[in-house]
Amino acid sequence: MPSDSHGSPSSVRSTRGKDEPVFHVRGLARIYGEDTAAVTALAGVDLDLFAGELIVLLGASGSGKSTLLNQLGGLDSPTHGTLLYRGENLADFDEKALTSFRRDAVGFVFQAYNLIPSLTARENVALITEICPAPMAPEDALALVGLSERMDHFPAQLSGGEQQRVAIARAIAKRPQVLLCDEPTGALDVRTGITVLEAIERINRDLGTLAVIITHNAILADMADRVFTLSDGRIVNIRENQLRAPVSSLAW
Amino acid sequence: MSLLDRKLFRDLKALKSQAIAVALVMACGLAMMIMTRSLILSLATTRDSYYERFRFAEVFARLKRAPNSVREELAAIPGVARVQISIAIQVTLDVPGLMEPAVGLINSLPERGEPVLNRLHVRAGRLPAGRTAVGELAVGEAFAAAHQLKPGATLSAVLNGTKQPFRVTGVVLSPEFVFEAPPGAALPDNKTYGVFWMPYKELATAFQLYGAFNSVAITLDPGASEGAVIAAINRILAPYGGRGAYGRVDHPSHRRVDDEIRVLQGLSVAFPLVFLGVAAFMTNSVMSRQIALQREQIAMLKACGFGNRQIGLHYFKFSLAIVVGGVALGAVGGVILGYRLVEMYHLFFRFPQLDFILDGRVLLTAASVSALAAFTGVAGAVHRAVRLPPAEAMRPEAPARYQPALVERLGISRWFSPSFRMALRNIQRRPVRSGLTCLALALATAILIVPNSFRDGITYVIDFQWDIVQRQTVTLSLVEPGPARAIADFRHMPGVVWAEPFRFVPIELKAGPITRRLLLQGLPERGTLSRVIDAYPQQFTLPPRGIIMSAKLASVLQLSTGDSVNARVLEGREREITIPIVGLAEDFAGIACYMEIHALNRLLLEGDCISGAHVVVDKARWPQFLAGVKETPRIAGCIIKDSLREGFRKTTAESIGLLQKIYMLFATIVAFGIIYNSARISLSERARELATLRVLGFSRGEVGAVLVGELVVLTLVALPAGLIIGSAFAKGILTAVNTETVRLPLVLTAENYAFAVLVVASASAVSAVFAARKLADIDLVSALKALD
């Protein structure tokens, strides 16, 4: 889809100025281990992420992008710094609050899909919709990713791209505020990867979900509103695309 | 220690809780096997050496009276090795501290030297001194223990109508009275029944039997025919009121020990083998998982040049460590429990020494069987692992394939939640594993049913016997049958509210080759105290003709209602009669047959006679009544229903209580072990799936539910199956030991079932919670990582 169909990047920026950010991150640091064995995975990250944005985090292996994603998803807590989700400090959340944050607000897409092998596509989605407050029907979520025809297949009967689209349907069926995707195309060939990215883009555009995609594939940067490049636990470059490139135009 | 062994050691440490769970289940099977087989060995060995050392006789006979010279005739029978003649007489006792009178069976000691057969073991004190000793007796250990009688204690006995004081010189044991109880009793009542020995002269003189005997014990030459000797004895003793000789098989004490061994045999095979099977299966599942987790290590080892044999041996050693642990625990447990049970047997059986003897062969067999089973279990997994080319083994295993569970195809699946479907499909994907898990839980449930069904059966029998059949307070028997008008004397005793007469006559029933000796009971036509009950259970009205016999007796004799039975009266004028069977009675204590009392007296051609009376006593005048009984020399026996009942209940509670505790321990360990192990393996296999669920917003509790869902389903299937299997086991064992002396009805109560379900369900639940606590260790971030 051409990016002008949903408004120009400048208009996105102007609305962004008034909105409260979904994530407000300042001086975020994550250090594993202690003393001499300490490894700094994040060394002070500042960023604000807004609703409706499509963000790409670029970086080499070990640059800290996965650590950042884990922090945003409430899977890990920071060593220093501030991480606010809609004004609330995630570091103050206890186990129960983090669970409901993940349950209600966050959709995860994994590189290895992580579907439950004993459940069909529809059931994998239904598993999540049953525990969420206002989900869409599993069938609708699967239709959004173009899988209406294969809803009753088990993961082992689906191709990699199809499995990943089931995973995306599972993530978006809860109508999340945030969609966090960790190398969603990492295990896929180009053509299949495109269909998966199209699904993510459509959700981001149609539902206004903040989507954050981790990748080491720089070509994906063109589809984003903003691109953060990480290295050694810091953001070393921020790029704003005036125009998001349609996913179909990407090639790697 | 080679480096592979060091790896083994560390791997074991990492898997220790699972290894312990498997070893414990294995230990349960072994402990049970070692305990029961060793008890069988202990009882049989002790019994045999006791019999041999103290010359327990092989053939026994009672008679009215015969001169001592008849002994030579008996000794001359071909095949007879040794003959011991003596007097044995039942008397009433007055024991200090016991309100009610007790019954004593007094046996005579030979005038010179030790008894030739059935010798006595003196536990404390000494035997009465010489042939001239007067007023001395030795007492059987069980009765002595029940009354704390020590050498020097005194008691009174009524000898032929005269109450005489006696001093206890010693406490003794006899191979004839290993089970010290009245003939036919299933449980001992050592408060009111005891066995005594006193010099021949004093006893014989008191009963005008000097120079005569009324009891014979005989041993046979090797290879002699017992049947032929018994026939010869019967011929010789017939003129002297012989009551029929019998072999050891029919000896009440011997028979009771045999029955006990048979119960143990029933318990010693099925359960232990199944537990060992379950343990082998658990070893297999732990090892399969371990090998699956170590695929890459195996590939690396092979790539580095380790041979299949070395790698296979490495994993065999792993399971060997578990087997060694299980065998050690099982042996220790079996010995400890065996010692406890041996102590329990002291309640029933009196041996000079009953020691626990460890059956070493069983230990060895059980250990080899466990090792073999564990190895077989591991072999498949090891074979699969070493067969893979290293390059392929380096890659992760292909994802599991699933399909909708069978039950879902019934069209009811739309009501199933996704987590429930996951559980069903996981069960169906591994049918053998699920089946065996289920079977193990079912058996844990089943073993709980058995001891409680025994307990409930005994309670039922006690209640049936003493609430429905016998409603008297006390049964009083006369020294000699007396005239029917004696019933009036009973009715006039202090405190007696009502009395009904009975007439007991020893008879021998004969149907083809089968003979049985028992008391034919004459009772009032439709008595209110001792009643004859049919299967429905309604009271019989005793007809003017014919007998009613225990259903069990009829089946032993292969007769039924309408048939006639040949009987020989073994008292007074001996005669052969043929009586029609007019009904079958439902009873559980021994075997019996009943007739209307006048019909019986007519049959005996004796006029109106009674042997005693069943009486109801006013509780308020109880002491006066007992004093009256003790002062009435004509009364030979006094059985107080409530004290018999209380004694039964206590003995039952003690023995079944211990058995129940042991089985509960086993059931808990098995349920706990199998659930814990299954949950841990599930957790290991599905770590990624469960971490994903956590990341997707499932709470720890919800993920825990997904983890144990499968086990909950299996437990729910296993519980009812276990109740069915347990009931069948109980039925099987009760049928196997359905003898003429010990037989219990199969009573299965809701409490029994509820208790079994409760124990297994709680053990499973606690175990699942334990395993699920490991969910806290799941690394959520790992779910995001790619598989390779």
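Reply: Two strands are taken to pair if DSSP finds at least two bridges between them. Helices (H or I, at least four residues) and strands (E, at least two) are DSSP runs, numbered from the N terminus. This is a predicted model, in which local features need pLDDT of at least 70 and side-chain atom pairs count only at pLDDT 80 or more, while totals for chains, interfaces and linings use all residues. Residues are numbered from 1 along each chain as its sequence is written, chains are lettered from A in the order in which they are written, and side-chain values use heavy atoms, without hydrogens and water.

Me: Which residue of E11(B) does B:Val59 stand opposite?

Reply: B:Val59 faces B:Gly247 in E11(B). Strand E1 (residues 59-67) of chain B and E11(B) run antiparallel and are joined by 2 bridges.

Me: What is the strand order of that open sheet in chain B?

Reply: The order is E2-E10-E1-E11, with antiparallel pairing of the 4 strands. Strand E2 (80-86) and strand E11 (246-247) of chain B are the edge strands, each pairing on one side only.

Me: Which strands does helix H6 of chain B lie across?

Reply: Helix H6 (residues 226-237) lies across E1, E2, strand E10 (212-220) and E11 of chain B, and runs at about 10 degrees to E1(B). Axes are lines fitted to C-alpha atoms, for helices over the stretch in contact (heavy atoms within 4.5 Å). Angles run from 0 to 180 degrees between N-to-C directions.

Me: Now chain A. Why is one side of E2 and of E5 left without a neighbour in the sheet?

Reply: The 4 strands of this open sheet are ordered E2-E1-E4-E5 in chain A, with antiparallel pairing. Strand E2 (39-49) and strand E5 (88-89) of chain A stand at the edges with a single partner strand each, so one side of each has no neighbour in the sheet. Strand E4 (residues 80-85) of chain A pairs with E5(A) in the antiparallel sense over 2 bridges, and A:Tyr85 has A:Glu88 as its bridge partner there.

Me: How many salt bridges are there over all chains?

Reply: The search finds 41 (a side-chain nitrogen of Lys or Arg within 4 Å of a carboxyl oxygen of Asp or Glu). One of them joins the side chains of A:Asp48 and A:Arg26 (2.7 Å, N to O). A:Asp48 lies in strand E2 and A:Arg26 in strand E1 (residues 23-32) of chain A, so the pair ties together parts 22 residues apart in sequence.

Me: And how many across the interface of chain B and chain A?

Reply: The rule finds 5 salt bridges there. B:Arg700 and A:Glu95 meet through their side chains in a salt bridge (3.6 Å, N to O).
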